[in-house]
Amino acid sequence: EVQFVESGGGLVQAGGSLRLSCAASGFTFDEYAIGWFRQAPGKEREGVSCINNSDGSTNYDDSVKGRFTISSDNAQNSVYLQMNSLQSGDTAVYYCAVVFLCHEGTMITPRWSGYWGQGAQVTVSS
């Protein structure tokens, strides 16, 4: 079955860094684009970044451009999110999921429903 397991969250001071990991299984990893999403308290879940495992191309939400870097390892069926210069606004639960399209200028949206993992809590203190 399709599964996503997020890890690497934690508490960090503003300006600090964290690296999230997402282990995926249950599908042909390198044929799909994988994205990171986050949901802050009182807000809707939003797309943060995505990567096309077929060619390595990426897309980022404007709020994280220049600060976050997404990468993947097809051999490990894993995707990562290096988060630098963290701000209080980055506080959220972060999830990974397959995305429908991953192209610059397009909205990062999940392709499949019902396969969300537990997420990784990221808390940025100020």
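The structure holds four salt bridges, a salt bridge being a side-chain nitrogen of Lys or Arg within 4 Å of a carboxyl oxygen of Asp or Glu. This is a predicted model, in which local features need pLDDT of at least 70 and side-chain atom pairs count only at pLDDT 80 or more, while totals for chains, interfaces and linings use all residues. Residues are numbered from 1 along each chain as its sequence is written, and side-chain values use heavy atoms, with hydrogens and water left out.

Side chains of opposite charge can pair when their charged atoms come close. R38 is buried at a relative accessible area of 5%, whereas E46, at 34%, counts as partly exposed. Here buried means under 20% relative accessible area, exposed over 50%, and partly exposed in between, with a 1.4 Å probe and protein chains only.

R38 also forms a salt bridge with D90, with the closest N and O atoms 2.9 Å apart. D90 lies in the loop between β8 and β9 and R38 in strand β4, so this pair ties together parts that are 52 residues apart in sequence. Strands are DSSP runs of E, at least two residues long, numbered from the N terminus. D90 is buried, with a relative accessible area of 1%.

Another salt bridge joins K65 to D62, the closest N and O atoms being 3.1 Å apart. K65 is partly exposed at 43% relative accessibility, and D62 is exposed at 62%. Salt bridges with shared partners link R38, E46, R67 and D90 into one network.

The nonpolar residues come next. A nonpolar core is a set of buried Ala, Val, Leu, Ile, Met, Phe, Trp, Tyr and Cys residues joined through side-chain atoms within 4.5 Å. The largest such core has 29 residues, of which W36, L81, M83 and Y94 touch the most other members. At least two residues of this core come from each of β3 (18-25), β4 (33-39), β5 (46-52), β7 (68-73), β8 (78-83), β9 (92-99) and β10 (120-125). A second, separate core has seven residues, including F37, C50, V99 and C102.

S21 has its place in strand β3. S21 is buried, with a relative accessible area of 18%. Leaving aside neighbours within four places in sequence, S21 is in contact (heavy atoms within 4.5 Å) with V5, E6, S7, W36, V79 and Y80. One of these partners, W36, is among the residues that touch the most other members of the largest core.

Terms used
Helices (H or I, at least four residues) and strands (E, at least two) are DSSP runs, numbered from the N terminus.
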